[in-house]
Amino acid sequence: MSVNKRIPDYDLDEMVVVTAPGQLRALADPLRSNLWELLLERAATVTEMAHAVDRPKSTVAYHVNLLLDAGLLRVVRTRRVRAIQERYYGRVARTIYIGALNRPEHTQVAATINGLADAAAESAPAHAADQLRCLLVHARIPTEDARKFWAQVQHIARRFAQIPRAGDQVYGFTAGLYPTNAPTLPDTKPDPTD
């Protein structure tokens with residue numbers, strides 16, 4: 001599996017920390033989330049994005065402007081087409097990290113951003129067609145080990161996003177790491193005969 005280091009085709013930061021209410025609201029909308037995700041592939045115009053999501057150009061332009069105002073998108077290049085400057089939009093960062101939230105209403109908005117729930121809904125047809133491949137594993141580990149493991153998962157996700165575009169099928173990759181109340185066996189006591 002080759003990896004294309006230039007996906008997307010513009011420079012962007014590795015991570016943006018989101019804490020502002022406007023940013024959270026911008027990300028909570030499914031269409032804006034889809035547009036933000038599309039731009040991980042390459043920079044695109046409003047017309048290209050509207051075609052990709054099968055929505056009117058005016059609707060997509062409205063949502064792109066909200067993402068721009070929230071500081072999550074930026075114009076990465078322009079080109080002149082006849083008398084018009086065509087803008088190509090890109091993300092400001094490859095990944096989002098939702099930072100410390102100070103007010104209860106911010107936490108409520110952030111709670112609506114659940115990639116695992118979105119992936120579950122999106123993967124339902126693949127599950128029905130027996131084309132879903134997934135894992136669910138539990139491990140009782142220290143918090144620091146969980147952080148280190150998550151950094152490795154993020155690296156794998158970046159590699160997945162940089163696989164050269166080809167083929168007719170789009171694949172989703174989802175990962176989650178969360179505390180749970182899954183049962184666990186008690187620690188073993190050392191055997192005094194050892």
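1. Helix 2 (residues 30-38) packs against helix 4 (residues 57-69) at an angle of about 80°, and their axes are 10 Å apart. Helix 2 is therefore roughly perpendicular to helix 4, a label given to angles of 65 to 115 degrees. The axes are lines fitted to C-alpha atoms over the stretch in contact, with angles from 0 to 180 degrees between N-to-C directions, and helices are DSSP runs (H or I, at least four residues) numbered from the N terminus.

2. This is a predicted model, in which local features need pLDDT of at least 70 and side-chain atom pairs count only at pLDDT 80 or more, while totals for chains, interfaces and linings use all residues. Residues are numbered from 1 along each chain as its sequence is written, and side-chain values use heavy atoms, with hydrogens and water left out.

3. On the side of helix 2, the contact (heavy atoms within 4.5 Å) is made by Leu31, Arg32, Leu35 and Trp36, and on the side of helix 4 by Thr59, Val60, His63, Val64, Leu66 and Leu67.

4. Trp36 also has Arg91 over its face, at 3.4 Å from the ring centre, and Arg77 lies over the face of Tyr88, at 5.0 Å from the ring centre. For Arg, a charge sits over a ring if CZ is within 6 Å of the ring centre and within 35 degrees of the ring normal.

5. Phe160, in helix 7 (residues 143-161), and Phe173, in the segment after helix 7, are 13 residues apart in sequence. Phe160 is partly exposed at 33% relative accessibility, and Phe173 is partly exposed at 41%, where partly exposed lies between buried (under 20%) and exposed (over 50%), with a 1.4 Å probe and protein chains only.

Notes. Helix = DSSP H or I, 4+ residues; strand = E, 2+ residues; numbered from the N terminus. Parallel < 35°, antiparallel > 145°, perpendicular 65-115°, else oblique.
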